[in-house]
Amino acid sequence: MKKLFAFVAASLVALTFGSCNNKDQEPEPQIDVTFDIQVRNIPNDVCCEVEFTITPSRDDIAWYWNADRPAELYKTNGYKSYYDMATRDLNYQKTIAGHDYEYLEQWDYICHGKRTHNISGGYYPGSDYLIYVCAVDHDLNVISRVAVQQFTTLP
């Protein structure tokens with residue numbers, strides 16, 4: 001009887017650990033799309049200026065981008081993955097900032113097809129940043145793998 005009880009207890013512990021591991025896994029992407037991210041620093045005497053060109057493998061999807069994350073914050077903020085970072089960012093956009101799909105599309109954070117964005121200011125010279133891109137649905141859910149490119153601003 002003791003052996004049966006020990007076996008059942010060990011099985012429950014193993015099942016519990018298995019369940020925990022599944023929570024940290026990224027879901028399978030709903031759509032298959034990749035993103036090519038090109039970053040170009042533009043010399044500017046006044047501020048850090050960066051140009052991003054994002055080319056999705058498909059033009060029929062909506063995608064969200066963000067490039068305001070210092071690279072060291074990814075490590076210190078406890079993100080489990082880039083998917084986790086993008087999901088938390090979009091959740092912030094919805095629940096804290098009160099932004100919806102249409103608002104983010106109006107301000108070119110949600111785009112379609114190939115796009116080039118130029119950003120002047122807001123970055124520190126000689127610093128590492130991340131730009132990430134992912135496909136989103138109308139409810140601001142991440143529905144693809146997250147593409148990431150690290151870049152360093154000019155000194």
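This note goes through the cysteines, the nonpolar cores and the aromatic pairs of a predicted model.

1. Basis. The model is predicted, with local features requiring pLDDT of at least 70 and side-chain atom pairs counting only at pLDDT 80 or more, while totals for chains, interfaces and linings use all residues. Residues are numbered from 1 along each chain as its sequence is written, and side-chain values use heavy atoms, leaving out hydrogens and water.

2. Cysteines. Zero disulfides (pairs of cysteine sulfur atoms within 2.5 Å) are found in the whole structure. For Cys-47, the nearest cysteine sulfur belongs to Cys-48 and is 7.0 Å away.

3. Cores. A nonpolar core is a set of buried (under 20% relative accessible area, with exposed over 50% and partly exposed in between; 1.4 Å probe, protein chains only) Ala, Val, Leu, Ile, Met, Phe, Trp, Tyr and Cys residues joined through side-chain atoms within 4.5 Å. The largest has 21 residues, and Phe-52, Trp-65 and Tyr-123 are among those with the most contacts inside it. Another core, of 19 residues, lies apart from it and includes Cys-134, a residue with a relative accessible area of 0%.

4. Aromatic pairs. Tyr-103 and Trp-107 form a tilted pair, because their planes stand at 45 degrees, with centres 6.3 Å apart; Trp-107 is exposed at 52%. Tyr-123 and Phe-151, by contrast, are edge-to-face at 90 degrees and 5.8 Å, and they are buried, at 9% and 4% respectively.

Terms used:
Phe/Tyr/Trp six-rings, centres within 6.5 Å; stacked < 30°, edge-to-face > 60°.
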